[in-house]
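Please keep the sequence and the structure in view while reading.

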Amino acid sequence: MSILILGTGLAGYNLAREIRKLDKDTPLVLVSRDAAPFYSKPMLSNALAGGKTAAALVMKSAEQMAAELNARIIPHAEVRALDPARRQVQLASGEHLEHLEHLEYRDLVLALGADPIRLPLEGDAASAALSVNDLDDFARFSAQLDGVRTLAILGGGLIGCEFANDLLARGIRPVVLDPSPWPLGRLLPEAAGRRFQAGLEAAGVAFRMGVAATRIDARGQGYRLSLNDGSTQDADLVLSAVGLRPRTALASAAGLACQRGIVVDRLLQTSAPHIHAIGDCAEVAGLSLPFVLPIMQQVRALARSLTGTPTEVRYPAMPVMVKTPALPTVVAPPAPGTDGQWAVDESDPHGLEARFCAPDGSLRGFALLGSATARKQALTAQLPATL
């Protein structure tokens, strides 16, 4: 029987690669909602500066990946239900999803990803806000950029700020709107957040912090956003980047434990035998970390477990690189609930270093901006493991 992987994103494809390093023969089946190309999702938020189209971001087709992995890949498929008792997945595929199939598995891996959070907006153009969560989304987004001069971005977090920086390469004026008082509010202390904002503003990004959009209405060839402080913002296009919600519906309907994500232990095992979860859909020992480094730790551990060597996932300290060339930034936020405080050094006009230290003086997190990013490796070595 096969190892069945639902999802062909960074988690799904890299798990298959890691399995094949250890086991050349066990049947592998991968199921995808789209055409199942192999590409780097993190590159979506900085592709414009490199002049990359959606097609140019594709590294390998599904057919090439199937040959490389000695696997069956089923594109354009919809998973209707999981049946843990029978170890089956009900699948609809083919033209108009007319072909129904029950796939049996030895082990099932849920690498389902996450969906963009949609704000409860009002207005006659509320549905016009675009989001970019995969290659098809990026193709639709980039196709609408011709002639755009001002683009409103809902969300001043990691993805919103990365897209804002990237849009500058197209001569587009991004306006970032967020209810937080400074950008990257969940990652940076105030002094660092305000320095980060100033760095991007100097490059051409506009910020409207402390406000949230409540409605979007068509206005001429563009849109007018109404904000919760009574003001408005006009834009030619609107991008929503307010965060992601793990895809848990399938797992929950099958009776698997879910909280923010699909709950798994350090063996990446769900509450049902022979079913595992990795990537953006998974909540690993209480942690939901939608970044590349945690995913790579997961796939390496799970590949060993699925090939006969039970291996718990371990997370070393994993700083996040923010892709904003206007002001390079690296952040390793302290774990939620960590006791301590930030100490910020702003003496360098070309950089900023913020350290989060516990009461005993031990380093538990940091944020580095500009020239201070050169100290990333030295400070990372002082951090405790994440998990």
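**A strand and its neighbours**

Strand S10, residues 173-178, is mostly covered, with 5 of its 6 residues buried. Here buried means under 20% relative accessible area, exposed means over 50%, and partly exposed lies in between, computed with a 1.4 Å probe on protein chains only. Helices (H or I, at least four residues) and strands (E, at least two) are DSSP runs, numbered from the N terminus.

This is a predicted model, in which local features need pLDDT of at least 70 and side-chain atom pairs count only at pLDDT 80 or more, while totals for chains, interfaces and linings use all residues. Residues are numbered from 1 along each chain as its sequence is written, and side-chain values use heavy atoms, with hydrogens and water left out.

Which strands pair with S10? Strand S9 (residues 150-154) runs parallel to S10 and is joined to it by 5 bridges; two strands pair if DSSP finds at least two bridges between them. Within this pairing, Leu-154 has Leu-177 of S10 as its bridge partner. Between S9 and S10 the chain passes through helix H5 (residues 158-167), and this β-α-β crossover is right-handed. A crossover is called right-handed if, with the strands pointing away from the viewer, the path from the first strand over the helix to the second runs clockwise.

S10 also pairs with strand S11 (residues 206-209), in the parallel sense and over 4 bridges. In this pairing Asp-178 stands opposite Met-209 of S11. Together with helix H6 (residues 190-203), S10 and S11 make a right-handed β-α-β unit.

In helix H3 (residues 62-69), the residues Ala-62, Met-65, Ala-66 and Leu-69 are buried. They lie on the same side of H3 because they cover an arc of only 105° around the axis; the arc is that of the directions from the helix axis to the C-beta atoms. On the other side of H3, Glu-63 and Ala-67 are exposed. Helix H1 (10-22), strand S2 (28-31) and strand S3 (72-74) are among the elements that cover the buried residues of H3, where contact means heavy atoms within 4.5 Å.

**Aromatic rings**

The structure holds 3 aromatic pairs. Rings of Phe, Tyr and Trp (its six-membered ring) pair if their centres lie within 6.5 Å; planes under 30 degrees apart count as stacked, over 60 as edge-to-face and the rest as tilted. Two of the pairs are listed below.

| Pair | Centre distance | Plane angle | Type |
|---|---|---|---|
| Phe-141 and Phe-163 | 5.8 Å | 85° | edge-to-face |
| Trp-342 and Phe-356 | 5.5 Å | 75° | edge-to-face |

Phe-141 lies in helix H4 (residues 135-143) and Phe-163 in helix H5, so their pair ties together parts that are 22 residues apart in sequence. Phe-141 is buried, at 0% relative accessible area, and Phe-163 is buried as well, at 2%. In the other listed pair, Trp-342 belongs to strand S22 (residues 341-345) and Phe-356 to strand S23 (residues 351-357), 14 residues apart. Trp-342 is partly exposed at 28% relative accessibility, whereas Phe-356 is buried at 7%.

**Backbone angles**

Most residues other than glycine have a negative phi. Leu-184, in the loop between S10 and H6, has a positive phi of about 55°. Leu-268 has a positive phi of about 65° and is found in the loop between strand S17 (262-264) and strand S18 (275-277).
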